[in-house]
Amino acid sequence: MLAFIQTGGVFMWPLLACSILALAIILERFWTLRRSGVAPKGLLSDVMARLRDDRMTIEYIRSMQAKTGLASIFAAGLLNSKHGRDAMKESVQEAASHVIHELERFMNTLGTIAAISPLLGLLGTVVGMIKVFSVLMESGAGNTALLAGGISEALLTTAAGLGVAIPALIFHRFFSRRIDELVVTMEQQSTKLVDALHGDRDKTGVAQ
């Protein structure tokens with residue numbers, strides 16, 4: 001592995017750093033963007049059952065507030081439900097903006113890696129070809145060892161750049177789609193909660 005990097009030249013080191021960072025982000029996003037952690041399926045049903053049975057307590061709301069994702073959005077809405085529909089919707093939207101910001105964390109970094117890795121590879125290719133032509137100018141075509149070294153450096157950096165960029169781009173698109181799906185789900189669930197609390201009848205059921 002070290003010999004492969006050394007053969008590729010100095011531009012292999014930033015590409016190696018990009019690959020390690022991209023892998024770390026991908027693993028972290030897989031864990032963070034789990035549907036069960038962000039928008040559990042049974043959460044709305046549990047909240048509605050507690051409201052219906054008059055079992056909603058401030059302690060339960062505080063426990064949701066300490067969590068991430070949809071639970072924290074519900075907690076913000078429930079804590080402000082007694083102030084009316086508009087106040088509840090505003091608090092829900094504010095909490096949702098924080099949740100979405102957390103969901104999108106590191107996505108710009110992953111997209112940047114996908115964009116700059118081919119450019120780094122291309123830069124390494126250009127440098128490698130410059131070395132090849134320099135050898136041709138100084139020694140002619142007879143020095144095959146130096147020619148082969150320059151060509152190898154050019155090809156390896158191109159391959160490494162694409163090897164880092166392609167997975168980074170694939171997972172960037174994948175996670176972006178998952179975030180969109182989670183946001184839509186949370187929006188739908190939050191709307192149902194607001195409508196349930198401030199529909200035709202005002203019945204919060206929150207025990208203070």
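**Exercise 1. Cover of helix 6**

Task: State how many of the ten residues of helix 6 are buried, and list them.

Solution. 
- Step 1. Locate the element. Helix 6 spans residues 70-79. Helices (H or I, at least four residues) and strands (E, at least two) are DSSP runs, numbered from the N terminus.
- Step 2. Buried means under 20% relative accessible area, exposed over 50%, and partly exposed in between, with a 1.4 Å probe and protein chains only.
- Step 3. Count. Nine of the ten residues are buried, so the helix is mostly covered.
- Step 4. List. The buried ones are L70, A71, S72, I73, F74, A75, A76, G77 and L78.

Conditions for every exercise: the model is predicted, local features need pLDDT of at least 70, side-chain atom pairs count only at pLDDT 80 or more, and totals for chains, interfaces and linings use all residues. Residues are numbered from 1 along each chain as its sequence is written, and side-chain values use heavy atoms, leaving out hydrogens and water.

**Exercise 2. The whole chain**

Task: Describe the secondary structure, burial and surface of the chain.

Solution. 
- Step 1. Count elements. There are nine helices and two strands. In sequence order they read α-α-α-α-β-α-α-α-α-α-β.
- Step 2. Take burial. The chain has 208 residues, and 37% of them count as buried.
- Step 3. Take the surface. Areas come from the Shrake-Rupley method with a 1.4 Å probe; for residues, only the protein chains shown count as cover.
- Step 4. Take contacts (heavy atoms within 4.5 Å). Consider those between residues at least 6 apart in sequence: 74% join residues at least 24 apart.

**Exercise 3. Annotated spans**

Task: Compare the UniProt feature "transmembrane region" with the secondary structure of residues 12-31 and 110-133.

Solution. 
- Step 1. Read the record. The unreviewed UniProt entry places this feature at residues 12-31, 110-133 and 145-171. Positions follow the numbering used here, feature names are shortened, and annotations may be inferred rather than shown by experiment.
- Step 2. Check residues 12-31. This span is 100% helix and 0% strand, with its end C-alpha atoms 29 Å apart.
- Step 3. Check residues 110-133. Here too the span is 100% helix and 0% strand. Its end C-alpha atoms lie 35 Å apart.

**Exercise 4. Rings and charges over rings**

Task: Find what F30 pairs with, and which parts the pair ties together.

Solution. 
- Step 1. Set the rule. Rings of Phe, Tyr and Trp (its six-membered ring) pair if their centres lie within 6.5 Å; planes under 30 degrees apart are stacked, over 60 edge-to-face, the rest tilted.
- Step 2. Count. The structure holds five aromatic pairs.
- Step 3. Pick the pair. F30 and F175 are edge-to-face, at 5.1 Å centre to centre and 80° between the planes.
- Step 4. F30 is in helix 2 (residues 12-32) and F175 in helix 9 (residues 144-197), so the pair ties together parts 145 residues apart in sequence.
- Step 5. Check cover. F30 is partly exposed at 34%, whereas F175 is buried at 0%.
- Step 6. Extend. Ring pairs link F30, F171, F174 and F175 into a cluster.
- Step 7. A charge sits over a ring if NZ of Lys or CZ of Arg is within 6 Å of the ring centre and within 35 degrees of the ring normal. R34 sits over W31, 3.9 Å from the ring centre. R50 sits over Y60, also 3.9 Å from the ring centre.

**Exercise 5. M107**

Task: Decide whether M107 is buried or exposed, and list its contacts beyond four places in sequence.

Solution. 
- Step 1. M107 lies in helix 8 (residues 107-139).
- Step 2. M107 is buried, at 5% relative accessible area.
- Step 3. Its contacts are R29, H172, F175, S176 and I179.
- Step 4. M107 and H172 are 65 residues apart in sequence, yet 6.7 Å apart C-alpha to C-alpha.

**Exercise 6. Salt bridges**

Task: Count the salt bridges and work through D46–R50 and R85–D195.

Solution. 
- Step 1. Apply the rule: a side-chain nitrogen of Lys or Arg within 4 Å of a carboxyl oxygen of Asp or Glu. The count is seven.
- Step 2. D46 and R50 meet at 3.6 Å, N to O. They are four residues apart in helix 4 (residues 43-52), about one helical turn.
- Step 3. R85 and D195 meet at 2.7 Å, N to O. R85 is in helix 7 (residues 85-103) and D195 in helix 9, so the bridge ties together parts 110 residues apart in sequence.
- Step 4. R85 is partly exposed at 33%, and D195 is partly exposed at 36%.
- Step 5. R35, R177 and E181 are linked in a network of salt bridges.
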